[in-house]
Amino acid sequence: MASRIQRIFLAALAGLPLLVSAQQDDPLEPIVGADIERREIKEDMLDTENFEIGIYGGALGIEDFGSNAVLGVSLAYHITEDFFVEAIYGTSEAQKTSYELLSGAVEFLTDDEREYTYYNLSIGYKLFPGQVFWGENTAFNTHFYLTAGGGNTEFASNRYATYSLGAGYKIYFTDWFAIDIGLRDYLFTHELFGEPRDTNNFEGRLGLSVFF
């Protein structure tokens, strides 16, 4: 009986190397192989272009004096990837007030006094960087931004200290050219109607910018 058991044990030991060899000769092939097509992406970076110069146009709502066309220029310096400072100068011309239009004869301001100019220095902060897609193969970098600052407004032969708040959305077509869609609110106090009056003068604008 013992001899029979020994023969079975020896036969099992003799077959073990064959089993190991069979496993080595037939390794498991991966069931699913990686088959990802890599695309080459070329991205324009604002790496050395810290200065930005631009022009803009749009509509300026001068409180009590209607909505008017506005034109302006801007110069900005990008301190970091997130912060920038911006100087702007704009010009517009106020319309007649509703009272002037209804009366037909009363005029609060002369034509020269209706000229409206302003300059402003603001600090801005960029947020929500993203991309906008044009077709399947083209994308442009974008971001929103907020600004706050102060300056001066010349209107009706007077100068007024002015505060400004703003927001905008910028689309970068290359590392040197961008479109700026912005909104500003210029706040100042005047006494054109006999008593101090706080005014909010909203501006919507579309601008073109060049970086260098």
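**Entry 1**

I looked up Phe 128 and placed it in strand β4 (residues 115–134), where strands (E, at least two residues) and helices (H or I, at least four) are DSSP runs numbered from the N terminus. The model is a predicted one, in which local features need pLDDT of at least 70, side-chain atom pairs count only at pLDDT 80 or more, and totals for chains, interfaces and linings use all residues. I number residues from 1 along each chain as its sequence is written, and side-chain values use heavy atoms, with hydrogens and water left out.

Phe 128 is not a glycine, yet I read a positive phi of about 55° for it. Its relative accessible area is 59%, so I class Phe 128 as exposed; the classes are buried under 20%, exposed over 50% and partly exposed in between, with a 1.4 Å probe and protein chains only.

I noted a positive phi of about 75° at Asp 64 as well, again at a residue that is not a glycine. Asp 64 belongs to the loop between β1 and β2. I list Asp 64 as partly exposed, because its relative accessible area is 30%.

**Entry 1. Overall layout**

I counted 2 helices and 8 strands in the protein. Read from the N terminus, the order of the elements is α-β-β-β-α-β-β-β-β-β. Of the 212 residues, 29% are buried.

I then turned to contacts, defined as heavy atoms within 4.5 Å. Among contacts with a separation of 6 or more, 57% join residues 24 or more positions apart. The accessible surface is about 14,400 Å², and carbon and sulfur atoms hold 60% of that area; the method is Shrake-Rupley with a 1.4 Å probe, and for residues only the protein chains shown count as cover.

**Entry 2. Aromatic pairs**

I paired rings of Phe, Tyr and Trp (its six-membered ring) when their centres lie within 6.5 Å, calling planes under 30 degrees apart stacked, over 60 edge-to-face and the rest tilted. This rule gives 17 aromatic pairs. Phe 51 and Phe 212 form a stacked pair, because their planes meet at 15° with the ring centres 5.7 Å apart. Phe 51 is in strand β1 (residues 51–61) and Phe 212 in the segment after β8 (197–211), a link between distant parts of the chain, 161 residues apart. Phe 51 is partly exposed, at 38% relative accessibility.

I also examined Phe 65 and Phe 155, an edge-to-face pair with 5.2 Å from centre to centre and 85° between the planes. Phe 65 sits in the loop between β1 and β2 (67–78) and Phe 155 in strand β5 (residues 138–155), so this pair ties together parts 90 residues apart in sequence. Phe 65 is buried at a relative accessible area of 1%, and Phe 155 is buried at 1%. Both rings belong to a cluster linked by ring pairs, which also takes in Tyr 116, Tyr 118, Tyr 160, Tyr 186, Phe 188 and Phe 193.

**Entry 3. Charges over rings, and the cavity**

I required NZ of Lys or CZ of Arg within 6 Å of the ring centre and within 35 degrees of the ring normal. Arg 205 has its charged end over the ring of Tyr 56, 4.1 Å from the centre. Lys 170 lies over the face of Tyr 145, 5.5 Å from the ring centre.

I searched a 1 Å grid over the protein atoms alone for cavities, meaning sets of points where a 1.4 Å probe fits but cannot get out, with lining residues having an atom within 4 Å of a point. I joined grid points across faces, edges and corners, and took a volume as the space filled by probe spheres set on the points. The search returned 1 cavity of 30 Å³ or more. Strands β1 and β8 each contribute at least two lining residues.

I found Asn 50 in the loop between α1 (2–25) and β1. Asn 50 is partly exposed, with 30% relative accessible area. Beyond its neighbours within four places in sequence, Asn 50 contacts Ala 76, Tyr 77, His 78 and Phe 212. The C-alpha atoms of Asn 50 and His 78 are 5.1 Å apart, across 28 residues of sequence.

Asp 185 is in strand β7 (residues 177–190). I class Asp 185 as buried, since its relative accessible area is 10%. With residues up to four places away not counted, its contacts include Tyr 163, Ser 164 and Asn 200.

Conventions:
On a 1 Å grid over the protein atoms alone, a cavity is a set of points where a 1.4 Å probe fits but cannot get out, and a pocket is an open set with protein on both sides within 12 Å along at least five of seven lines; lining residues have an atom within 4 Å of a point.
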